[in-house]
Amino acid sequence: MNRSISSSTVQMLKELDNEALASCLFAACDLALRAARGNMEVPPEDMTAEHLLRQLITDMPKRSE
């Protein structure tokens with residue numbers, strides 16, 4: 001498994017404000033806990049941390065300025 005994060009994903013993270021970054025981290029931790037407890041389906045074997053991170057950022061509700 002590729003454990004590195006691409007520069008484009010890092011840029012996506014840099015564009016998040018503190019509240020959005022905290023929400024993304026909370027969502028990732030929540031998913032990890034649910035997976036560890038067996039409360040969710042196992043992700044596809046080809047899903048990487050980068051895929052998961054990009055999906056979390058994409059699925060976050062857009063905030064109005």
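In which helix does Met12 lie? In this predicted model, Met12 belongs to helix α1, which spans residues 7–14.

The protein contains three helices and zero strands, and its elements follow the order α-α-α from the N terminus. Helix α1 covers residues 7–14, helix α2 covers residues 18–36, and helix α3 covers residues 49–59. Along the principal axes, the C-alpha atoms occupy a box of roughly 35 × 25 × 15 Å. The chain has 65 residues, of which 17% are classed as buried. When contacts between residues at least 6 apart in sequence are considered, 88% of them join residues at least 24 apart. The protein carries 7 positive and 10 negative charges, and the mean positions of the two sets lie 4 Å apart.

The largest nonpolar core comprises eight residues, namely Leu16, Ala20, Cys24, Leu31, Leu53, Leu56, Ile57 and Met60. Helices α2 and α3 each contribute at least two residues to this core. In soluble globular proteins, nonpolar side chains tend to be buried together. Cys24, a member of the core, is located in helix α2. With a relative accessible area of 4%, Cys24 falls under the 20% cut-off and is therefore classed as buried. Beyond the residues up to four places away in sequence, Cys24 touches Leu53, Leu56, Ile57 and Met60, each of which is also listed in the core. The C-alpha atoms of Cys24 and Val42, by contrast, are 20 Å apart in space, with a sequence separation of 18 residues. Leu16 is another core residue; with residues up to four places away in sequence set aside, Leu16 touches Leu21, Ile57 and Met60.

Thr9 is found in helix α1 and has a relative accessible area of 0%, so Thr9 counts as buried. Outside the four neighbouring places in sequence, Thr9 is in contact with Glu50, Leu53 and Arg54. Thr9 and Arg54 are 45 residues apart in sequence, yet their C-alpha atoms lie 6.8 Å apart in space. Met12, also of helix α1, touches Arg54 and Ile57 when residues up to four places away in sequence are not counted. For Met12 and Arg54, the C-alpha separation is 8.2 Å across 42 residues of sequence. The relative accessibility of Met12 is 22%, and Met12 is therefore classed as partly exposed. Arg54 is accordingly in contact with Thr9 as well as with Met12, while Ile57, a member of the core, is touched by Met12.

Two salt bridges were identified in the model. In one of them, Arg54 pairs with Glu50, and the closest N and O atoms are 3.4 Å apart. Both residues lie in helix α3, four residues apart, a spacing of about one turn of the helix. The two partners fall into separate accessibility classes: Arg54, at 30% relative accessibility, is partly exposed, whereas Glu50, at 14%, is buried. Both Arg54 and Glu50 are contacted by Thr9. The other bridge joins the side chains of Arg34 and Asp30, with an N to O distance of 3.2 Å. Arg34 and Asp30 are separated by about one helical turn because they stand four residues apart in helix α2. In this pair, Arg34 has a relative accessibility of 33% and counts as partly exposed; Asp30, at 30%, likewise counts as partly exposed.

Methods
Residues numbered from 1 in each chain as written. Predicted model: local features only at pLDDT ≥ 70, side-chain atom pairs only at ≥ 80, totals over all residues. Heavy atoms only, no water. Salt bridge = Lys/Arg side-chain N within 4 Å of Asp/Glu carboxyl O. Buried < 20%, exposed > 50% of the residue type's maximum accessible area, 1.4 Å probe, protein only. Contact = heavy atoms within 4.5 Å. Lys, Arg positive; Asp, Glu negative; His and termini not counted. Charge placed at Lys NZ, Arg CZ, Asp CG, Glu CD. Core = buried A, V, L, I, M, F, W, Y, C linked by side-chain atoms within 4.5 Å.
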